[in-house]
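Visitor: I would like to go through a structure with you. Could you show it to me?

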Amino acid sequence: MRHRATGLVLLLAAALAATAVPAATALPDGAPAPHPPRAAAGPGTDHAADDPFTADRTNWFRQDRFGMFIHFGAYSNLEGEYRLPDGTTCRDAEWIKRQCAIPMDAYEKQAQQFDPADFDAKAVVKAAQDAGMRYIVITAKHHEGYAMWPTKVNDWNLRDHSSFDKNRDIMAELKKAADDAGIKLGFYYSIWDWHDKDFADPATFPAYEKRMYAQLKELIDRYDPALLWFDGEWDTDNPHNPWTARDGERLESYLRGLDPGLVINNRVGKRRVVDGDYGTPEQEIPAAPVDGQLWESCMTLNGHWGYARYDQDWKSSQTLTRNLLATTSRSGNYLLNVGPDARGRIPRPSVDRLKEMGDWLREDGQGEAVFGARYAGLVEEPAWGSVSRKGDKLYAAVTRWPAAGGTLHLTARTDIRVKAARVLGSDQRVTVTEAGDGFDLKPSGAATNDTATVIELKVDPGPTARVGHGTGLKQEIFDNATLSGDPKITRTDATLNHAWKYTGSPDPAIPADRFSVRWTGSVVPRRSETYTLTTVSDDMARVWIDGKLVIDSWTPHEPKIDKAQVKLTAGKRHAVRVEYAEQTGEAHLRLLWSSPGQEQQIIPRSQLYTP
Ligand code: FHN
């Protein structure tokens with residue numbers, strides 16, 4: 001079985017099989033055909049297979065929250081230092097070949113000595129488990145082009161170009177150890193390739209692309225990864241990177257044809273809101289939930305991704321744990337990196353910090369604030385810490401404990417009641433009083449630790465109407481970009497979740513360019529709150545609610561986020577009208593909502609009603 005096929009994934013596979021691969025995204029010449037094979041097609045193709053915010057396919061990613069990143073490659077053999085011909089030492093890590101201008105023959109020569117004999121997959125997985133990490137992403141191939149698995153595509157890899165035991169396959173070892181531990185395994189793969197001679201020249205790039213597709217198919221066929229983490233997609237030189245958004249469209253479509261269950265990051269394209277399943281802020285944590293897509297922040301433990309023996313500037317486990325709490329409280333994931341040394345060992349300072357993070361998470365159930373938790377929504381983020389939500393619980397992770405008798409204020413974003421409050425790991429009392437725009441928490445005792453003391457609040461989030469019985473909105477499709485004349489097609493559209501991209505369109509009868517769509521009907525919220533409506537659109541979009549124009553993005557644009565705040569009443573049918581136009585190029589239209597009590601999602605069919 002390819003991949004945790006659930007009912008939805010099987011449905012997804014059927015949907016994808018029916019969702020033809022647009023002509024322009026046909027496979028590079030000679031690329032191995034995906035299974036199930038995908039019909040070649042153009043107009044009528046929609047790449048939006050599901051809503052990443054709610055799909056079974058992404059559920060593990062949205063629940064697990066915390067992963068281990070591993071940067072391990074031929075660069076690791078140099079351990080961050082290279083003696084230059086003039087006798088000085090040049091320092092970097094995974095970019096050392098390029099930053100130290102190491103000639104390729106010299107780099108290949110050093111790689112021949114690479115022998116990570118002490119790489120112990122069980123120890124790596126144990127370090128992840130001890131940290132509380134739920135998934136692992138390891139560099140299968142970084143920019144240097146060196147494959148860390150026995151690829152048959154070339155001989156620039158750990159099997160064919162090293163001093164390592166030729167009977168070992170560290171990716172297979174890691175896959176088994178991860179499976180045995182119930183930890184998901186993903187692969188990092190750099191599109192940008194410094195070693196492949198066909199990469200830099202657009203004339204020969206297709207030959208590189210064919211090898212890249214073949215390698216990715218090897219990784220999927222051999223190791224059944226849960227996730228692919230692309231990188232090296234950006235416009236750059238030395239060597240020139242010809243990768244385009246359209247290349248990303250084709251690659252993403254190919255991969256989903258190989259495995260509909262895959263989770264794929266946005267660097268498969270050009271690191272945009274319309275690429276892949278999630279955004280990838282790096283060495284930073286967004287200040288709030290990201291509009292229009294899931295997200296994962298990746299960070300180093302010291303200052304480098306790859307191993308650098310000279311870099312002993314390690315972040316404290318307090319900082320790292322607080323980072324994890326902050327990402328969770330904004331519905332993000334935290335991918336924290338380790339860089340094994342030349343022998344394949346994770347540095348002890350890394351292991352120690354990861355263990356300390358896991359100890360905090362396991363202590364007194366404090367991990368409840370992370371695993372399965374998300375953006376609180378119901379209250380504003382406070383200055384004294386972070387707040388996450390899990391069902392009817394809020395977890396206030398306090399990093400600035402009040403002085404004796406002091407209080408912690410929470411600003412309510414909606415009409416909620418606090419029914420109970422307790423400090424995890426302590427029997428001290430927490431008095432909750434309504435105060436101004438929210439309520440004050442007054443603990444009777446001291447903080448329980450110096451990382452974050454968690455106050456668990458049991459809350460009544462206020463009334464939520466039952467799930468509706470909507471079937472979608474009336475959809476009128478025009479074969480022009482101006483909504484002119486009679487619609488060519490009129491039907492019901494279950495949800496406004498469309499990624500027609502470069503060659504797709506709403507229907508085989510509609511050309512990929514110069515078409516427009518109007519949706520009408522009503523939207524029925526389940527809560528009486530101020531909702532944020534969000535569109536992800538390319539080229540043009542506008543939205544009316546109850547006859548009022550609330551989003552006006554009616555000038556052609558690249559993929560773009562627009563938002564509006566609208567006050568909606570639970571159970572009431574609010575008239576909605578959405579208009580969209582595609583000129584040429586990419587075509588995207590998604591309509592999402594969120595509110596204090598409703599996490600961000602594509603507006604579901606159940607809440608959309610035809611006129
Ligand atoms: O250039 C890479 C870098 O080496 C590292 O892999 C990071 C981790 O995401 N990504 C790129 C820089 O954005």
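**The ligand and an open sheet**

Guide: The shell around the ligand, by class, has seven nonpolar, three polar and five charged residues. Here Ala, Val, Leu, Ile, Met, Phe, Trp, Tyr, Cys and Pro count as nonpolar, Asp, Glu, Lys and Arg as charged, and the others, Gly among them, as polar. This is a predicted model, in which local features need pLDDT of at least 70 and side-chain atom pairs count only at pLDDT 80 or more, while totals for chains, interfaces and linings use all residues. Residues are numbered from 1 along each chain as its sequence is written, and side-chain values use heavy atoms, without hydrogens and water.

Visitor: Which residues come nearest to the ligand?

Guide: They are H71, E94, H142, H143 and D231, out of the 15 residues around the ligand. A residue is near if one of its heavy atoms lies within 4 Å of the molecule.

Visitor: How far is D231 from a nitrogen atom of the ligand?

Guide: A polar side-chain atom of D231 lies 2.6 Å from that nitrogen atom. For E282, the distance from a polar side-chain atom to a ligand oxygen atom is 2.8 Å.

Visitor: Let us change topic. What is the strand order in the open sheet?

Guide: The order is β14-β17-β16, with antiparallel pairing. Strands are DSSP runs (E, at least two residues), numbered from the N terminus, and two strands pair if DSSP finds at least two bridges between them.

Visitor: Why is one side of β14 and β16 left without a neighbour?

Guide: Both stand at the edges, each with a single partner strand, so one side of each has no neighbour in the sheet.

Visitor: Which residue in β17 stands opposite T431?

Guide: That residue is K442. Six bridges join β16 to β17.

Conventions. A polar contact is a pair of N or O atoms within 3.5 Å; within protein, one must be able to donate a hydrogen and the other to accept it, and residues adjacent in sequence count only if both atoms are side-chain atoms. Helices (H or I, at least four residues) and strands (E, at least two) are DSSP runs, numbered from the N terminus.
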